Amino acid sequence: MSAQPDHAPVTPYAPAPGAPAELLAQLRADRRADTWVPAFEREWAAALEESRRTFTLGGLYAVVQDWQGRLASAPAVDAFVASGYDDSDFIDMAELRGRRQ
């Protein structure tokens with residue numbers, strides 16, 4: 001019997017050391033900078049405080065990964081909005097949750 005696991009452990013996402021600064025520069029250059037930069041800074045500050053309490057970097061990594069995803073998907077979202085697609089039949093989940101209570 002071997003003491004080794006029979007599967008490879010999942011390697012957690014770890015951004016490059018300069019990724020947060022690079023990401024912030026990209027956010028500042030985006031047309032949504034007025035709303036995105038303060039939101040990123042709030043999330044980063046909260047994750048940094050959590051990291052100080054827990055001695056883990058997972059929260060910081062998650063903030064970077066989430067915002068990298070937002071930046072990467074922004075052109076697709078812009079294209080969707082510009083296409084004029086009628087999404088008026090959208091279901092507001094918050095409104096549905098409010099009706100159930």
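The secondary structure comes to four helices and zero strands, where helices (H or I, at least four residues) and strands (E, at least two) are DSSP runs numbered from the N terminus. This is a predicted model, in which local features need pLDDT of at least 70, side-chain atom pairs count only at pLDDT 80 or more, and totals for chains, interfaces and linings use all residues. Residues are numbered from 1 along each chain as its sequence is written, and side-chain values use heavy atoms, with hydrogens and water left out.

Next, select residues 19-29, helix H1, and residues 58-82, helix H3. Two packed helices are described by the angle between their axes and the distance between the axes. Here the axes come within 11 Å and cross at roughly 35 degrees (axes are lines fitted to C-alpha atoms, for helices over the stretch in contact; angles run from 0 to 180 degrees between N-to-C directions).

Now show the side chains. Ala-19, Pro-20, Leu-23, Gln-26 and Leu-27 in H1 meet Val-64, Trp-67, Gln-68 and Leu-71 in H3; contact means heavy atoms within 4.5 Å.

Then select Asp-30, in the loop between H1 and helix H2 (33-54). Asp-30 is buried, with a relative accessible area of 17%; buried means under 20%, exposed over 50%, partly exposed in between (1.4 Å probe, protein chains only). Not counting residues up to four places away in sequence, Asp-30 touches Trp-36 and Leu-71.

Finally, select the whole chain again: of its 101 residues, 22% count as buried.
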